[in-house]
Amino acid sequence: MNYFKTEKILIITGAMLFMLMGLGILLIGSFTPIQFNINGDYFTATYWEVASISMGGFWLWTVFFGFPLMIGIMGLVCWIFIRKNPKKGWAILLIIMGAISFFSLVGVLYLVAGIMLLNNKYWRESKVDNKLKVD
């Protein structure tokens, strides 16, 4: 039987959206100038110009694009391992990632996929199969 079809679609969709979100923030930060105030003086600079002046601005933008990128890659890893060897631990990891990233609304995809993975009939049927093998 083909288990976890809907869950896999939700996970891969969420992972791709997170990675696109992270890369989009990186591109927006790299090409769109921002205006900021330092001691009463206004400056306009891009992400890379701020990074060459101050590491604080660099780390701030890195968190903004790195967090969604990291969550997307972790979702992709979960998707790969669920295809190969499904375990409930991947569902719990998806629920945790979805709760952490709930603010982006893409995290809802991870939450739903994790809950659906935990409630899938695969786990009930595998327990019945194991019990029949023992008897």
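Predicted model: local features only at pLDDT ≥ 70, side-chain atom pairs only at ≥ 80, totals over all residues.
Helix α4 spans residues 88–100, and helix α5 spans residues 107–118. The two pack at an angle of about 155°. Their axes lie 7 Å apart. Angles over 145 degrees count as roughly antiparallel, so α4 is roughly antiparallel to α5. The crossing of α4 past α5 is left-handed. On the α4 side, the contact is made by K88, A91, I92, L94, I95, M97, G98 and A99. Helix α5 contributes G107, Y110, L111, G114, I115, L117 and L118. By class, the residues of this contact comprise 11 nonpolar, three polar and one charged. Lys counts as charged, and K88 of α4 is among the contact residues. Gly counts as polar; G98 of α4 and G107 and G114 of α5 take part in the contact.

The loop between α4 and α5 holds L105. Phi of L105 is near 65°, a positive value in a residue that is not glycine. The relative accessible area of L105 is 62%. The cut-off for exposed is over 50%, so L105 is classed as exposed.

Three aromatic pairs are present in the structure. One of them joins F81 and W90. F81 has a relative accessibility of 39% and counts as partly exposed. W90 has 22% and also counts as partly exposed.

Y3 has a relative accessible area of 18%. Buried means under 20%, so Y3 is buried. Leaving aside residues up to four places away in sequence, Y3 touches K8, N120, K121, Y122 and E125. Y3 also has a spatial relation to I82. The two are 79 residues apart in sequence. Their C-alpha atoms are 10.0 Å apart in space.

Terms used. Residues numbered from 1 in each chain as written. Heavy atoms only, no water. Axes fitted to C-alpha atoms, helices over the stretch in contact; angles between N-to-C directions. Helix = DSSP H or I, 4+ residues; strand = E, 2+ residues; numbered from the N terminus. Parallel < 35°, antiparallel > 145°, perpendicular 65-115°, else oblique. Left-handed = near helix turned anticlockwise from the far one by under 90°. Contact = heavy atoms within 4.5 Å. Phe/Tyr/Trp six-rings, centres within 6.5 Å; stacked < 30°, edge-to-face > 60°. Buried < 20%, exposed > 50% of the residue type's maximum accessible area, 1.4 Å probe, protein only.
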